[in-house]
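The following note was prepared for a colleague who wishes to examine the structure alongside its sequence.

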Amino acid sequence: MADHTVPLLELRGITKRFPGVLANDDVHLDVLPGEIHALLGENGAGKSTLMKVLYGLYRPDAGEVLLSGEPSGIATPADAIDAGVAMIHQHFMLVPTLTVAENVALGLADNGMLLDTTAVAGRIRELSARYGLHVDPSAYVWQLAVGERQRVEIVKALYRDCRLLVLDEPTAVLTPLEVDELFVTLRTMAADGVGLIFISHKLDEVLALSDRITVMRDGRVTGETTPGQTSKGELADMMVGRAVQLAPDRPAADVGEVRLAVDGLRVMGDRGLESVTGCTIEVRAGEVVGIAGVSGNGQRELAEAVAGLRQPTGGTVAIDGTDVTGQHPSRVRAAGLAYVPEERMRDGVVGEFTVAENLILVDHDRDPYCRRGLLRLGAIADACRDLVARFTVKTPSLETTTSNLSGGNIQKLILARELSGEPRVLVAAQPTRGVDIGAAEYIHRRLIDERSSGTAVLVISEDLDEVLALSDRVAVMFAGRIVEVMDVADATVERLGLLMAGTGVEEVGAA
Amino acid sequence: MGEWLRDRLARVAGPQLAGLLVPVAAVLAAFLIGAVMMLALGANPLEGYWALLEGAFGDVDALADTALKSMPLLLVGIGICIAFRASVINIGGEGQMIAGAIVSTLVALGFPDLPRVLLVPLVLVGGLVGGALWGALPGALKAYSGVNEILSTIMLNIVAVQLMNFLLRDPIMDPYEKEHGRLPQTERLSENSDLPLLPGGTRLHVGILVAVAMAGLAYVLLWRTALGYRLRAVGHSAAAARYAGMPVKRTIVAALTFSGAMCGLAGAILVFGSESHRFVTDGSSVGFTGSAGFNGIVTALFGGLHPLWTIPSSFFFGGLQFGANAMQRAVQVPAALIVGLNGLVVVFVVSSDRLRRVVGESLAQGRRIRSGESIDG
């Protein structure tokens, strides 16, 4: 990469204010042609705002955007596309009922009256071959898996001859194998001179892929570095603004009796197909079992069936020796289950309730919160104040409406409530998804503490790093069943990745 | 006009007061449109409104009559607060009032010789039970069979009216009317079931106190009991309630049962607090309830679905209804104009109710940003 070339993109002193908050404060960022530039930061650090300024969605209060040394003149997303800037959002902008070719052609200026899909398809095949993107132009988008849809988005950008591509958390929805493929594609694009901005909070990926890294925190750039000069720990510290412990200390496990026993469980999914197809797993007292797997392989249905939220069609669930298969959630909880749900805002809290009201959601009708049917507001306030302090939930008051808290604080609130009941078994689904690093660090420590104090903990996560950091044993879920369980010492990302993709299942044999 | 009104009020009065002022402004806006309508009819709106106020709140007797008119609105409104808080849309107030009236009347006809201290509470309990049953039925249908409660409660209104007409035309019809007349009404019910009048020489009876007490009890129910907590949790998020182990279905049934009980009590008080001391109708539901089963929804919404705020709210709407006749006499505009005025207030209130939520949301948003918590930019 030539150091003396004019930057493809230069953001100079971008400042963007919203009522009461400074989202971008004098931000500088430049991208050279052919460079992969990672933009790293927590939720709310100002990454999205900065990219929206670049894309013409926001007008900055100060600063300028230069493309190849000239003022960009981008005032709308249409201008951005014309200038060769493309953006791939976390939520794809595709029309599911149209084919890949139609989606790619959608919005092109020179379509004319009739769409020449054969020409479009031809070009798509060309681009696919060149960049290693496996895309069938005649397939309907609704038929495609998430990873494939992302490839369509990339093809769309390439088709429009983009010079600068912004990818917002592109790996969040991919399997490790797909991530590798994506990286190959992105490197090929960079080799062709395209500039790439890679937004992420996954430190490993940033280090593996990028040429340069810019870290943001609280609207400001807190550091610019290259992968050769930095480390995961340093990047995390820059993101959070203090020393962060990425992997929690895990004292040796003192494993006891089986607390959660799932045997041959079968559960229907929302679409009327069997999502959990004979799942068997055991979790013992004092250990964390982590379930790794690509989203949509039955993890959600498994967790919901264990918690009593979904009726199994076969198999059994036992908690602490009590058969709770298909029982009402109150029975399952009575048997000793605590559950941190995946859909935090839907299941985990009542958004309109106050912090205190949500903290008593499970035990609201039990002593000390309630006697003879009457709520004891004093006792509730005392207990909640204690919980908020113990679990470091950041809230202005106990009377604050819960939906106004950040994701991390809501998750801490849920954890506070679920752990306060001293459960026998804890099931945590996607415990740190969408949660900032600081809160994630705390949540991980709490989960380990819980396990060390003798609770059986089942963690379900699509984040492999998380599974590896927390688990004593790792189970891989594929197509509705556990295909392999291994000691964490034997689990490598490569091995897990293969199992998650469904390869190597035959050798293992049916679970 | 929603955003505009909110902004203006927040600027002039500060955000805290805006929440209170929005409904007031909504009423004023409705009155303004009513004034235009009166002008179009060739009447002087100032004169008309003055007569309305005078008639509704002018002296002790007017206030007492307004209070009497407000009583069913308040009780139904309380019932609506309970149901709506649980996200159960009870449109069956009319039917539940009738059911309460029927059961309480049967009690009075069955035990006419009980002493007053027993019979009065007993007929009131009869009202509660009748309304509760008529509410529990659609509640159970919703919870266990997924029947939409809006449809089932409306249809049960019609069933109740027909049941009332049948009963008042034959089985419990006044024997005298049966022989000579045609009026669908009962005989004069036992004097021991008359609701005691309050001292002061007005027509106010103890039913008013019962209604106000119920507002207090409903407040306690909703915010001080485990059951009320569950009602509100289910109302906001049935998914979270179920996750936490709450019996969601039973809670839905409970909401409609309590809601119906309040409406049934209103029906009983209408019968035993009436001048004629009879259960009487003209063959329609309005003939007995005066549409309180529907108008109570308005008073509850105007009171922000809060039982205590529903007290002044129903007093206000009761005043409108009672003062309408005085207005008609004074400026010769049809009293039906008040019905239109009611409707306008409803439109503005419902939009302002939404407004208040929006105001609250935006305030909370501001607090969150100021307190420096994470917002995704």
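At what angle do helix H3 and helix H13 of chain B pack, and how far apart are their axes?

1. The model is predicted. In chain B, helix H3 (residues 60–85) packs against helix H13 (residues 292–302) at an angle of about 65 degrees, and their axes lie 7 Å apart. The crossing of H3(B) and H13(B) is right-handed.

2. On the H3(B) side, the residues making this contact include Pro72(B), Leu73(B), Ile80(B) and Phe84(B). H13(B) contributes, among others, Ala292(B), Gly293(B), Ile297(B) and Ala300(B). By class, the contact residues comprise ten nonpolar, five polar and no charged.

3. Chain A holds an open sheet of four strands in the order S12-S11-S14-S15, with antiparallel pairing. Its edge strands are S12 (274–284) and S15 (322–323), each of which pairs on one side only. Strand S14 (residues 312–319) of chain A is joined to S15(A) by two bridges. Asp323(A), in S15(A), is the bridge partner of Ala318(A).

4. Helix H9 (residues 299–306) of chain A packs on this sheet, where it touches S11 (258–268), S12 and S14 of chain A. The direction of H9(A) makes about 120 degrees with that of S11(A).

5. The contact between the two chains takes 37 residues from chain A and 26 residues from chain B. On the chain B side, helices H9 (226–236), H10 (238–243) and H15 (336–370) each supply at least two residues. H15(B) gives the most, with six residues. The chain B side divides into eleven nonpolar, eight polar and seven charged residues.

Technical notes. Residues are numbered from 1 along each chain as its sequence is written. Chains are lettered from A and ligands numbered from 1 in the order in which they are written. This is a predicted model: local features need pLDDT of at least 70, side-chain atom pairs count only at pLDDT 80 or more; totals for chains, interfaces and linings use all residues. Axes are lines fitted to C-alpha atoms, for helices over the stretch in contact, and angles run from 0 to 180 degrees between N-to-C directions. A crossing is left-handed if the near helix is turned anticlockwise from the far one by less than a right angle, and right-handed if clockwise. Two residues are in contact if their C-beta atoms, placed from the backbone, lie within 7 Å. Ala, Val, Leu, Ile, Met, Phe, Trp, Tyr, Cys and Pro count as nonpolar, Asp, Glu, Lys and Arg as charged, and the others, Gly among them, as polar. Two strands pair if DSSP finds at least two bridges between them.
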